Amino acid sequence: MGSIALIYGEQIHTMVPQLIAARDPFHSLRARDTVVIKPNLVVSRKEWQGVNTDPQVVEALVQALQARGVTRIVIGDGSGMGYSATKAFEVCGYRDMARRYGLQLVDLERDRFVRKPVPIEGPFASLEIARTVLECDFLINVPVMKAHCTTSITCSLKNLKGVMPRAMKTAFHGVDLSRAIAQLASVLVPDLILVDGIQGDLSSETGRTPVAMNRLLMGTRPVEMDSVVADMLGYPPRAIRHIAYSADAGLGTCDLQSIKIDPLNQPVQNVRLRPPPHYSQRFPCHLDLDGACCTCTGNLLFALERLKAQGVLSASQHFLAGPQACVPSGRRTMTIAVGQCAVERTDADICIAQCPPSAGTIYRIVASAARQD
Ligand code: SF4
């Protein structure tokens, strides 16, 4: 299945079976096989739409697998910093689904891990991968197509970060993240990718600004899949560094002319998805977020949107987040350290020492300081 199947619509429970009928991705599965479905469960809060994989997409996969006689089905993921997959299973409806279909849920952060050597150049000589994922017979990657504050987009390549222990996920943000993602793609290749493009997000990987995209994509090649998704989200694939690194390492092609797309239907409305300006251009304040985790960055950006709407942001504020944060020399601005690791590394004027602080906490503290200023 070298090409990518694409279907538009909103009716997940008819769209997934159409993709499966068109591609027959389960033809080699045996009834005794163990199948792991890896959704994207970044957050474990009520507002998960556009961030986490919609459980209806996974449910339609489960129904197709069980119709083939497969009974050992595991849903596994590890959430973003400050969140919990165990809680996300509950909040998003996966636990209820597991009861109804007899599925096993695994919070991969609590799994045991196996160290695997990395065959391509980059910051890591080896990576730790969850045993549940390594030992299964068939791995299905079900990412969401959406923006990402550091890598511009996230889809199937970056979604696999959730199979590693928390310390290693955090370590990815202290190195060249894009190279590290390409390294992960060289160690772990899924058997099937089903992209949840029903609702995505054009501004943030941690959400609160969901956008209806009304599409699902199915394929087997991560570099090709993410190249097509990058193009749909308004980026040339080579502009996404982890896609370019993966292609240059021989893990696939990002040449759109070489990637075949098979649309099963046409969209009702031909909407062009376009990314908003990068966050560094959206706010009047200074931002130094190098190396910060996605959840810290996402929460800060959401708080900044609210602060901007209130008119309390200005060029005299300098926000710092992440383990590489440092107070600017000369220091003519008010410095605000967001998150425990930035607080520990700096002597900022305002310290918000949580890991990660919520958007509400950041908003309240900064708005209150701005009012007193
Ligand atoms: S405080 Fe530091 S470690 Fe914690 S989420 Fe933020 S950037 Fe990551």
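Mentor: Two strands pair if DSSP finds at least two bridges between them, and strands here are DSSP runs (E, at least two residues; helices are H or I, at least four), numbered from the N terminus. What you're looking at is a predicted model, where local features need pLDDT of at least 70, side-chain atom pairs count only at pLDDT 80 or more, and totals for chains, interfaces and linings use all residues. Residues are numbered from 1 along each chain as its sequence is written, and side-chain values use heavy atoms, with hydrogens and water left out.

Now for your sheet. Its four strands run in the order β13-β14-β15-β16, the pairing is parallel and the sheet is open. At the edges you'll find β13 (286–288) and β16 (350–352), each of which pairs on one side only. Follow β13 across to β14 (residues 317–321): the two run parallel, joined by three bridges.

Next, the aromatic rings. Searching the whole structure turns up three aromatic pairs (ring centres within 6.5 Å, using the six-membered ring for Trp; planes under 30 degrees apart are stacked, over 60 edge-to-face, the rest tilted). One of them is Phe-26 with Phe-138: the centres are 5.9 Å apart and the planes at 75°, so this pair is edge-to-face. Phe-26 belongs to the loop between α1 (12–23) and β2 (34–39), while Phe-138 is in strand β7 (residues 138–142), so the pair ties together parts 112 residues apart in sequence. Phe-26 has 2% relative accessibility, so it counts as buried (under 20% relative accessible area; over 50% is exposed, in between partly exposed; 1.4 Å probe, protein chains only). Phe-138, at 7%, counts as buried too. Another pair is Phe-89 with Tyr-94, whose centres lie 6.3 Å apart with planes at 65°, so that one is edge-to-face as well. Phe-89 and Tyr-94 are both buried.

The charged end of Arg-306 sits over the ring of Tyr-363, 4.0 Å from its centre (the rule: NZ of Lys or CZ of Arg within 6 Å of the ring centre and within 35 degrees of the ring normal). Arg-179 does likewise over the face of Tyr-245, at 3.9 Å from the ring centre.

Last stop, the ligand. Among the residues surrounding the ligand are Met-81, Cys-293, Cys-296, Gln-340 and Pro-356 (a heavy atom within 4 Å).
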